[in-house]
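The following exercises concern a single protein chain and are each followed by a worked solution. Please consult the sequence and the coordinates while working through them.

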Amino acid sequence: MTAILCVGHSALDTIYSVPEIPTVPIKVLASACIESGGGMAANASVAASRLGAMASYCGRVGDDTAGTSILVGLAAERVDVTMVRRIKRCRSPTAAILVDQHGERLICIYDDPALDADPTWVSLESIREFDAVLADVRWPEGAARMLDAARAANIPTIFDGDVGPVDALRDLCGRCDYAIFSTAGLALTSGVADVYEGLRRTQNLVRGVVGVTLGAEGFLWLEEGRPHRSTAPQINVIDTLAAGDVFHGAFALAIGEGNAVVDAARFANAAAALKCTRFGGRLGAPTRAEVDEFLRVS
């Protein structure tokens, strides 16, 4: 099995299905509500596990009931959580999320300031056991430590460049082989809204491939300075929550398996598309058999 390490954020999500995301202060009645584990790196680890990886998650949670729920949920998905630190007198990250009838979402996240950023407790002895390392921007100190260790061991590294502090985005994308941004993350990092120009500017910071996920428009990337695009499958969108995380988990697995970027992008697009056909955030992440069949008939 291909071993994937995902470093960064985990959370406990409460997800509500609503007709529309309100734009004014108002009371909204939800038609469905579920609780699920969340967080960028944690979601990616679950996606990778369902797709056949031996997945591990490295991050921090509080020493509370929410932290227990987060870890139990990851373990139930066969994600190894031995590289997780539980911080005393700290609330675990939580999120309240609205998903509307079009599949779009509004996310409100709370991270306790007591969630200690120090990464020195993370052992680097096992880094050579992994075939790829994926890190998000939510824990920059931990991401930098693990990306650097993986690079020193010649292990492929992938960075999930979503919205975060600009300094952290620019620093971390320079520590990886594949910097894969959201459109908002790319705009922050590059300073421009145009994705092509954003990729060109950000390429100066990245030693390898730089790309951006575009939702229904697929995945755009630069490789050796040349633009490439992988189109997204056409699907009936139910819920886009965690689609980007599923993309990153699938992409990291494909790279860890030794695939070229074009093949990794096609695989990740399919996994993210299938997730969007199901309500419930990462609960909708597909299995490897489902993705393989989807690609076969697409």
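## Exercise 1: The lining of the largest pocket

At least two residues of the lining of the largest pocket are supplied by each of β2 (11-17), α1 (40-50), β6 (94-99), β7 (105-110), α5 (183-190), α7 (243-256) and α8 (261-276). The model is a predicted one.

Task. State the volume of the largest pocket, and describe its lining by position, by element and by residue class.

Solution. 

1. The volume of the largest pocket is about 1,100 Å³.
2. The pocket is lined by 44 residues, and those closest to its centre are Arg-105, Thr-240, Ala-242, Ala-243 and Gly-244.
3. Helix α7 provides the largest share of the lining, namely five residues.
4. Sorted by class, the lining comprises 22 nonpolar, 15 polar and seven charged residues.

## Exercise 2: The fold as a whole

Solution. 

1. The secondary structure consists of nine helices and 13 strands.
2. Along the principal axes, the C-alpha atoms occupy a box of roughly 50 × 45 × 40 Å.
3. Buried residues make up 53% of the 298.
4. Of the contacts between residues at least 6 apart in sequence, 64% join residues at least 24 apart.

## Exercise 3: A polar contact between a strand and a helix

Solution. 

1. Ser-230 lies in strand β13, which spans residues 226-230.
2. The relative accessible area of Ser-230 is 9%; the limit for a buried residue is under 20%, so Ser-230 is buried.
3. The partner is Asn-269, whose side chain is joined to that of Ser-230 by a polar contact of 3.1 Å.
4. Asn-269 belongs to helix α8 and, with 7% relative accessibility, is also counted as buried.
5. Beyond four places in sequence, Ser-230 touches Glu-217, Gly-218, Phe-219, Trp-221, Ala-265, Arg-266 and Asn-269.
6. With the same exclusion of sequence neighbours, the contacts of Asn-269 include Gly-218, Phe-219, Thr-231 and Phe-247.

## Exercise 4: The surroundings of Trp-221

Task. Where is Trp-221 found, and with which side chain does its own side chain make a polar contact?

Solution. 

1. Trp-221 is part of strand β12 (residues 219-223).
2. Its relative accessibility of 2% places Trp-221 among the buried residues.
3. The side chain of Trp-221 makes a polar contact of 3.1 Å with that of Glu-223.
4. Among the residues that Trp-221 touches beyond four places in sequence are Leu-199, Val-209, His-228, Ser-230, Val-261 and Ala-265.
5. Ile-127 is 94 residues from Trp-221 in sequence, and their C-alpha atoms are 27 Å apart.

Terms used
Residues numbered from 1 in each chain as written. Predicted model: local features only at pLDDT ≥ 70, side-chain atom pairs only at ≥ 80, totals over all residues. Heavy atoms only, no water. Helix = DSSP H or I, 4+ residues; strand = E, 2+ residues; numbered from the N terminus. Buried < 20%, exposed > 50% of the residue type's maximum accessible area, 1.4 Å probe, protein only. Contact = heavy atoms within 4.5 Å. 1 Å grid on protein atoms, 1.4 Å probe; cavity = no way out; pocket = protein on both sides within 12 Å on 5 of 7 lines; lining within 4 Å. Points joined across faces, edges and corners; volume = space filled by probe spheres on them. Nonpolar A, V, L, I, M, F, W, Y, C, P; charged D, E, K, R; others polar. Polar contact = N/O pair within 3.5 Å; in protein donor to acceptor, adjacent residues only side chain to side chain.
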